[in-house]
Amino acid sequence: MAWDSIIGQELAKRILQEHLATARVAQAYLLAGPEGVGKRLLALEMAKALNCALQASEACDACHSCVSIARGVHPDVHGLSVEADADRIKIDAVRQMLSRIALRPFNANVSVVILDGVERLTEEAANALLKSLEEPPAHARFILITSVLSGCLPTIVSRCQIIRCPGLNPQIVAEFLKGHSCDEKTAGYLSVLSCGSLSRAMAWASEWEGYQRLLARFEATGPSVWLEEKLPETRKDLTWALDGMVMWLRDVAFVASDGASWVLHADRAKVLDEQAQSMDVDLCVETAFQLLALRESLEQFVSPRLVATLAREQWLCLLTGLLQK
Ligand SMILES: [Zn+2]
């Protein structure tokens with residue numbers, strides 16, 4: 001039951017269950033994949049199974065250990081992630097966690113570290129973790145999580161067994177959204193827009209009106225709306241806006257190359273058709289790639305204000321071409 005409660009990620013679940021069943025649990029795992037696809041749930045399930053009274057490949061969800069891990073109060077399961085008001089995980093937090101697992105577990109088989117955001121460790125923090133991974137305490141297991149594998153210290157990656165957690169199938173996302181009071185049309189729309197991330201799909205659903213306002217910007221053929229309205233200020237809002245911009249340009253490119261059936265914003269077919277006829281499609285695709293690079297730079301802690309300004313410049317360049325036609 002326990003593993004079944006996690007949506008998708010069948011391969012990851014199978015690998016972890018098999019390791020538990022055959023007593024081949026690695027000292028350190030690195031769960032890698034986009035945000036919102038179930039990595040943290042997998043880590044928690046693994047921590048439960050490792051310390052469950054049943055000692056099987058699946059947690060019972062009823063024993064004292066399972067219940068306290070699920071409630072986040074187990075003394076031997078240590079979670080660490082980036083704090084809400086910070087960009088990085090600093091060395092003090094890592095040292096504190098490592099000092100806890102240096103001791104024998106209080107009342108568990110093994111101590112479990114769940115570190116979410118390996119790419120966000122400062123250099124010193126990453127090196128401190130690496131040292132512990134090189135000489136891990138026998139009674140400790142590490143479950144590391146990242147959404148940016150390329151941003152992790154390669155020496156940390158090489159010490160871990162990597163478990164890939166890809167984006168979820170759009171159908172799974174759509175079903176999930178429909179179960180959370182989303183109508184069929186919006187659910188279908190968001191299941192593609194979210195690129196297989198449940199958290200992103202839910203965020204889009206809760207910001208649906210904002211997204212409609214964003215679409216009005218994409219539809220504009222002049223620069224005024226971009227110059228007069230405020231740019232997104234937070235990392236979250238900006239990521240969301242950049243995703244929308246890329247999806248819109250993707251649609252323009254599809255319409256321009258007779259791929260209208262692949263279009264996501266099908267209800268805006270008329271505007272997309274007009275833009276596909278008047279925009280330079282090569283520039284459109286190039287702009288989409290530049291926006292993706294900007295989105296990546298946002299994950300590497302470049303200031304949101306700078307990224308927002310550069311993204312607007314990219315879009316205005318595209319509009320300039322359009323206005324000259
Ligand atoms: Zn249990």
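Modeller: **Helix α2 and its surroundings**

The buried residues of α2 pack against α1 (10-21), β1 (28-32), α3 (64-70), β2 (77-81), β3 (111-116) and β4 (140-146). Contact here means heavy atoms within 4.5 Å. Helices (H or I, at least four residues) and strands (E, at least two) are DSSP runs, numbered from the N terminus. The model is a predicted one, in which local features need pLDDT of at least 70 and side-chain atom pairs count only at pLDDT 80 or more, while totals for chains, interfaces and linings use all residues. Residues are numbered from 1 along each chain as its sequence is written, and side-chain values use heavy atoms, with hydrogens and water left out.

Helix α2 covers residues 39-51. Ten of its 13 residues are buried, so α2 is largely enclosed by the rest of the structure. A residue is buried under 20% relative accessible area, exposed over 50%, and partly exposed in between (1.4 Å probe, protein chains only). The buried set consists of K39, L42, A43, E45, M46, A47, K48, A49, L50 and N51. The length of the helix can be checked as well: at 1.5 Å a residue, α2 should span 18 Å, and its end C-alpha atoms are 19 Å apart, which agrees. The expected span is 1.5 Å times one less than the number of residues.

Among the partners of α2 is α1, and H19 has its place in that helix. H19 counts as buried because its relative accessibility is 6%. Apart from residues up to four places away in sequence, H19 touches R24, V25, Y29 and Q161. In the loop between α1 and β1 lies A23, which is exposed, with a relative accessible area of 71%. A23 also has a positive phi of about 55°, although it is not a glycine. Most residues other than glycine have a negative phi. A further example is Q55, with a positive phi near 50°; Q55 is found in the loop between α2 and α3.

Although C160 and Q27 are 133 residues apart along the chain, their C-alpha atoms are separated by 7.6 Å. Neighbours within four places in sequence aside, C160 is in contact with A28, Y29, L30, L133 and L144.

In α10, the buried residues are G210, Y211, L214, L215, R217 and F218. They cover an arc of only 155° around the axis, which puts them on the same side of α10; the arc is that of the directions from the helix axis to the C-beta atoms. E209 and R213, on the other side, are exposed. Y211 is also one of the residues in contact with L193, along with R200, W204, M247 and L264, when neighbours within four places in sequence are set aside. L193 is found in helix α8 (residues 184-193) and counts as buried, at 0% relative accessibility.

I172, in helix α7 (residues 170-178), counts as partly exposed because its relative accessibility is 30%. Residues up to four places away in sequence not being counted, I172 touches I7 and G8.

The protein has 15 helices and five strands, and 48% of its 325 residues count as buried. Its C-alpha trace spans about 70 × 40 × 30 Å along the principal axes. Of the contacts with a separation of 6 or more, 71% come from residues 24 or more positions apart. The accessible surface comes to about 16400 Å², of which 53% belongs to carbon and sulfur atoms; such areas come from the Shrake-Rupley method with a 1.4 Å probe, and for residues only the protein chains shown count as cover.
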